[in-house]
Amino acid sequence: MMKNRHLIEPENLSLDELERLFDLAEKIKNDPASFQESCRGKLLASLFFEPSTRTRLSFEAAMLRLGGSCLGFAEPASSSTAKGESLADTIRTVACYADLIVMRNPKEGAALLASRYSDVPVVNAGDGGHHHPTQTLTDLFTIKQLRGNIENLTIGFCGDLKFGRTVHSLAHTLTRYPNIKMVFISPPELCIPDYIKREINRVDGVEFYETDSLDKALGDLDLLYMTRVQKERFFNEEDYIRLKDSYILDAEKLEQAKKPMMILHPLPRVNEIDIEIDNDPRAAYFKQAKYGMYIRMALIASLLGGASC
Ligand code: CP
């Protein structure tokens, strides 16, 4: 039972629970009308201390489509955080009003801290460069919907692997599936953190290598997970400008890829995927954004006990 649990990082869910969420999300996608009363009378608080389009709006759309209601803020300047209130006090207060808290915060560990002060479930919608577990749910549900399984894949992660929390959460979670190979493609300054490599190394049978060449890796991949260089996490503008266009996937480059290779991107994109690729059948990133709403509907319903999971 997932009712009343916190979701801070993907490890909080067993493989069995992931599968049940995917099954429920598929049912919701195929028959949304059957779930439109699942969360009637429940309130979701979305507390976004950092900008967001997909995560905040898909959570709010998900709750509204389940018959529930939403409250919250999209930037901390409009909350009492601007007056110096601590995160702990904000969470204690919001937990008095809402049944579920979805929070994004620039500080690593903020969601875990929030969970310690909340009587209602807290869902981490991104804590700094650390984790983004519901993006991982979105990514895995998209792979499952479009490929049918999450096993036997060679996955390339490309771009800012240092600060990209979606990469950290997904790479870590993929180690739980059979016969996964990962290729980490980044400039040396933006390579995957050592703690993620250590976590992968702990699991028998998962292979990975690092390279700075997208060209060399592209032909081997079943799935390419492109990411944006995370401007907001850089300490100086100069480094960002030097690194921001390290990789640009365009139609010419894509000719080197396997015909069925899937392209995912958590979005937002800046320059790293040329818009000429958007209509290529391999480009799945806008479907991914839509699937994110269905999997979040499944998650909300499960945490609030509005549908069996
Ligand atoms: N994928 C993602 O987290 O997008 P937003 O920053 O728009 O929420």
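**Exercise 1.** In this predicted model, state how the residues lining the second largest pocket divide into nonpolar, polar and charged.

*Solution.* Step 1: sort the lining residues of the second largest pocket by class; six are nonpolar, six are polar and one is charged. Step 2: note the volume of this pocket, about 150 Å³. Step 3: list the residues closest to its centre. Of 13 lining residues, these are Phe-73, Thr-90, Thr-93, Val-94 and Tyr-97.

**Exercise 2.** Identify the elements that each supply at least two residues to the lining of the second largest pocket, and find the one that gives the most.

*Solution.* Step 1: the elements that reach at least two residues each are strand 1 (43–48), strand 2 (69–73) and helix 3 (87–97). Step 2: the largest contribution to this lining comes from helix 3, with four residues.

**Exercise 3.** Describe the largest pocket by its volume, its central residues and the elements that line it.

*Solution.* Step 1: the space in the largest pocket is about 420 Å³. Step 2: 21 residues line the largest pocket, and Arg-104, Arg-165, Arg-228, Glu-232 and Pro-268 are the closest to its centre. Step 3: two or more lining residues come from helix 2 (54–65) and likewise from helix 6 (165–174).

Conventions
Residues numbered from 1 in each chain as written. Predicted model: local features only at pLDDT ≥ 70, side-chain atom pairs only at ≥ 80, totals over all residues. Heavy atoms only, no water. 1 Å grid on protein atoms, 1.4 Å probe; cavity = no way out; pocket = protein on both sides within 12 Å on 5 of 7 lines; lining within 4 Å. Points joined across faces, edges and corners; volume = space filled by probe spheres on them. Nonpolar A, V, L, I, M, F, W, Y, C, P; charged D, E, K, R; others polar.
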